[in-house]
Amino acid sequence: MTKKTVFSGLQPTGNVHIGNYLGALRNWVALQDTYDCIYCVVDLHAITVPLDPAEFHRDRLEAAKVLMAVGVDPEQSLFYFQSQVPQHTELAWMLGTITGTGQLNRMTQWKDKADVAGANLGLYSYPVLMAADILLFRADAVPVGEDQKQHLELTRDLALRFNSRFGEEFPIPDPIIPEHGARIMSLQDPTSKMSKSDPDEGSRILILDDPDTIRKRLKRAVTDSGRDVRHDWEEKPGVSNLIEMMALFTGGDIASIEDEYGDAGYGTFKDAVAEAVIEGLAPIRRAYRDLDDAEVARLMQRGTLDARTRAEGHQQRVRELMGF
Ligand code: AQP
């Protein structure tokens, strides 16, 4: 039986945080044994907000390195930079012609980010490029955090629309969203998600943060009124966020964490969460230290060549179906 195809991407905007890891990247790694996985540093998405070219250049390689440290294995998965495979943008243009502007206007990420970063066409059409990323490789499934659910819906709509207008070509991809960890919240405002672009560094823990920084960030994490450590998103979003983090990093379950720390007080609990996060991230920090920049760049170049060949085969069928 042929393996199902999985596709996902990470933007190289620096600051890869534990929300990215727990919501998506952990799944990327786990899926490699079972699926035909295609993972991509989606650098074209990253230029939809203002950038410094030198910094961007560094962040691209850095993102590839972090992903390899997390466990994306270029021997097992197809792994490359989106911008190096021009079929992504060609398909995005084609899909753009069957995308209604009404649907793009309703994208919550567009509505949120257009205010902060200044509106531009790239930011507006970003979900179409994302749909093209996924459909280009005929992905069956896409591991993502919850914030990407709406974009996945658009991808599915576009696949259906294309298939009905031009002929059955695209599988309808399913999101793979974890039950816990799909929406890790900001440490400073547990009602909004942890985010790379939050100007407050104290709001997130980065995958490569050193132990002291992690302890400091968690000590200052906003908790809720009362003192009991209880999982309740309505009444205790701050504590619930920390409980989920601990459960995911230790592999423990939420009820036993509540049993163990219920009466321990927030201070003691936060210290324990910090140690769990530090321990969970330690292998990634070690793997990162052992990676060599030149070798990472070489592996990405090799991935690019394979990705281009594979993408071209698929894209030629789309051109023919559309009458080119
Ligand atoms: N807080 C989060 N909890 C769980 N999953 C998350 N993801 C992002 N934030 C959380 C998931 O991480 C994957 C890669 O994200 P991305 O590089 O595409 O960036 P993003 O979704 O725009 O979110 P970021 O990283 O926080 O950046 P900004 O600041 O731009 O919003 C995706 O699968 C995403 O769902």
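H10 (residues 237-250) crosses H11 (residues 254-261) in a right-handed sense, meaning the near helix is turned clockwise from the far one by less than a right angle. This is a predicted model, where local features need pLDDT of at least 70, side-chain atom pairs count only at pLDDT 80 or more, and totals for chains, interfaces and linings use all residues. Residues are numbered from 1 along each chain as its sequence is written, and side-chain values use heavy atoms, with hydrogens and water left out.

The axes of H10 and H11 come within 9 Å and cross at roughly 115°, axes being lines fitted to C-alpha atoms over the stretch in contact, with angles running from 0 to 180 degrees between N-to-C directions. The two helices are therefore roughly perpendicular (65 to 115 degrees). Touching here (heavy atoms within 4.5 Å) are Ile 243, Glu 244, Met 246 and Ala 247 of H10 and Ile 254, Ile 257, Glu 258 and Tyr 261 of H11. That contact splits into 6 nonpolar, no polar and 2 charged residues.

Now look at H10 against H12 (residues 266-290): these axes come within 9 Å and cross at roughly 35°, and the crossing is left-handed (anticlockwise by less than a right angle). Among the contact residues are Leu 242 and Phe 249 of H10, plus Phe 269 and Lys 270 of H12. The tally is 13 nonpolar, 2 polar and 1 charged.

Elsewhere, H3 (residues 53-70) has 18 residues and reaches 26 Å from first C-alpha to last, close to the 26 Å expected at 1.5 Å a residue. Its buried residues (under 20% relative accessible area, 1.4 Å probe, protein chains only) include Phe 56, Asp 59 and Arg 60. After H3 comes Gly 71, with a positive phi near 135°.

Definitions and conventions:
Helices (H or I, at least four residues) and strands (E, at least two) are DSSP runs, numbered from the N terminus. The expected span of a helix is 1.5 Å times one less than its number of residues. Buried means under 20% relative accessible area, exposed over 50%, partly exposed in between (1.4 Å probe, protein chains only). Ala, Val, Leu, Ile, Met, Phe, Trp, Tyr, Cys and Pro count as nonpolar, Asp, Glu, Lys and Arg as charged, and the others, Gly among them, as polar. Angles under 35 degrees count as roughly parallel, over 145 as roughly antiparallel, 65 to 115 as roughly perpendicular and the rest as oblique.
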